Amino acid sequence: MTAGRFTSLREASLLAVIVALVLLVGWRAPVFLTLRSALDVANESALLAILVAGQMVVLLTRGVDLSVASNLALTGMVCALVGQAVPSLPIGVLLALAVGVGAALGAVNGLLIALCRLPPIVVTLGTMAVYRGVAYLASGGAWVSEQDIHAGIKALPRAELLGVPLLIVIAAGVVGAVAAWLRWGPAGREVRALGNNPDAAVYVGIPERTRLLQVYALSGALAGLAGVLWVGRYAIAFTDLAAGYELTVIAACVIGGVSIAGGIGRMGGAMAGVLFIGVVNAALPVIQVSPFWQQAIAGAVILLSVALNAGSQARTRARQPILEKA
Amino acid sequence: MKALGRWEGMLAGLILLLYAGFGIGVDGFLSPYALADGTVNVSERLVIAMAMAMLICAGEIDLSIAATMALASLAMGLAMQAGAPLPLMLLAGVATGAACGLLNGWLVTRRGLPSIVVTIGTLSLYRGLALVLLGDQAITGYPEALSTLGNGTLGDLVGVPWLIVPIEFGIAVLFAGGVAVWMHRTVHGRRIYAVGANPVAARFSGIAVDRYRLGLFVFAGVAAALAAALLTGRIGSTRPNLAAGWELDAITIALLGGVAIQGGRGSMVGVMLAALLLGGFTFALGMLNVPGIVVSTILGALLIGAMVLPKVLPAPGSRVG
């Protein structure tokens, strides 16, 4: 249980850093402490949170999904094109389409990883290029611009549920459901066990291939959902949508204490990572620091947070090669 | 640790097939000038792919290698603006590359962090620093000699006009050949494979595992600086997004060349052949006006295909070196 206490300590210190950051920025620019600005940060972070929920589950199995941003772009493009062709389509169908297409693309990753036993980083590196290329081929390289986006998709980010923006409601629902699945669902607990010790997991009868397939399909489905929401939020669909965003997603997980070596990580921590990136990105323009600093700061924070976590990471790492060569 | 085997034979066959196929299908593809031009886009990638292959063989990875290129190019540009002559500019680039590699290596070996996480972090950090220092500006006005390095031919150097092999390609092949000999013919190379195959056993056999790891990261930084010098000379400018995404190209080349992502296995000759194959392929599709994104789609599919085929075919191509 030391691992559990260690993670919550980590999360507490990360939250303390975020609070300190918010107060510091608020002291320089009081506008940052308003509800309006908090809602902005939450809205900005909602899409990242959805993607992080999926990525975290993949990381728990010792895998990684580098294709999420390409999946997002392809699914977003498919939904934009279908919505453009059939403007009368109800939004529910488009949402289902997004989740379906995303899950199918994720399942392709899962099949290659679980059935062909290929390393996740290589498979998703390949599908990252392929999915984005298919998005280009599907659109012929053209943009689907604001007036051609399905009205229902555009309305999504502006909609509210009991005064809370729909994006935040959706993100909270997704994150809550995945967290509950990991915590209480037998399959979710098996996923964590699989990442903690794959050999032992197979010995106790955990269906490794099925779980891996499910995990990548889940990550894909969430990427697809994020895709249609992204298209709605920015009212545009093009091939390079969210290019490179997979690194931000992984960064949020790592900052939040999810171990790349598998088995370690909590949803609360991952969400603190999302919040941190959201706050930093929102704070820089407010205190008039050039947005060019965003990437460098994210990098430094990743290094700092993994270095702080060195103890637990080193243990996992030392354990790993022996297990893998066994 | 055989340098040549079934996989390399297949790659060589594919290269022949590619050149024969496009030679018949595309007018002018086999003309000497087109062939020389076709090596240009692959030269810089070959340099970083070799370093990447060495790291993967040792069980590590460097995702920050392209970002290191951007910083090294930036260092050369800043040195130029400070009035440094060409040798000092190159030194600044190499020193920056080595420093970037040293930070990666230090974090991996001394702090015991997984290289994939470390280099995702430094990828952001290095690329971010380049952005902070340059903003949306570009550095141009590099000296003539650097441009010759990137655009000249070996024939210009020795005064033989018909020798139209680009200098870049000569340097890249020399570099790659050196790496291949080092990995396959020296004890250090064998130790690097041993480190990747089983670091614990390697340590118990008396190999200074962490020293090799650290050395490889620094070497990757220096290779990135070399690639940056070639690329900067060729395009004549430094931008913060220089070589963006090339880390993935380097990994694709290494894996297509038969290097096992788990470490411990892979032939450097295979990596060189894979670079030639991808370079020729990219150039041929370019001549056919196929957009770059479609080319990278095909490369992605090739990468997966190269992994799936040996698993599906009865005779596995993944032989133990």
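1. Two residues are in contact if their C-beta atoms, placed from the backbone, lie within 7 Å. On that basis, the contact between the chains takes 46 residues from chain A and 40 residues from chain B. Four helices of chain A each supply at least two residues to the side touching chain B: α5 (120-139), α11 (245-255), α13 (293-308) and α14 (310-325). The most comes from α5(A), with 13 residues. By class, this side of chain A has 33 nonpolar, nine polar and four charged residues. (Ala, Val, Leu, Ile, Met, Phe, Trp, Tyr, Cys and Pro count as nonpolar, Asp, Glu, Lys and Arg as charged, and the others, Gly among them, as polar.)

2. A word on the source. This is a predicted model, where local features need pLDDT of at least 70, side-chain atom pairs count only at pLDDT 80 or more, and totals for chains, interfaces and linings use all residues. Residues are numbered from 1 along each chain as its sequence is written, while chains are lettered from A and ligands numbered from 1 in the order in which they are written.

3. Helix α2 (residues 35-60) and helix α7 (residues 166-184), both of chain A, have axes that come within 8 Å and cross at roughly 20°. (Helices are DSSP runs of H or I with at least four residues, strands are runs of E with at least two, and both are numbered from the N terminus.) α2(A) and α7(A) are therefore roughly parallel, the term for angles under 35 degrees, with over 145 counting as roughly antiparallel. Residues in this contact include A46(A), I50(A) and A53(A) of α2(A), and A171(A), V174(A) and V178(A) of α7(A). The class count is 13 nonpolar, one polar and no charged residues.

4. α2(A) also meets helix α10 (residues 208-234) of chain A: the axes come within 8 Å and cross at roughly 170°. That makes the two roughly antiparallel. Among the residues that meet are L47(A), L51(A) and V58(A) in α2(A), and L218(A), L222(A) and W230(A) in α10(A). The contact divides into 15 nonpolar, three polar and no charged residues.

5. Helix α12 (residues 267-286) of chain A has 20 residues and reaches 29 Å from first C-alpha to last, close to the 28 Å expected at 1.5 Å a residue. (The expected span is 1.5 Å times one less than the number of residues.) Just after α12(A), Q288(A) takes a positive phi of about 55°.

6. Chain B has 15 helices and two strands. Its C-alpha atoms fill a box of roughly 50 × 50 × 35 Å along the principal axes.

Definitions and conventions
Axes are lines fitted to C-alpha atoms, for helices over the stretch in contact, and angles run from 0 to 180 degrees between N-to-C directions. Angles under 35 degrees count as roughly parallel, over 145 as roughly antiparallel, 65 to 115 as roughly perpendicular and the rest as oblique.
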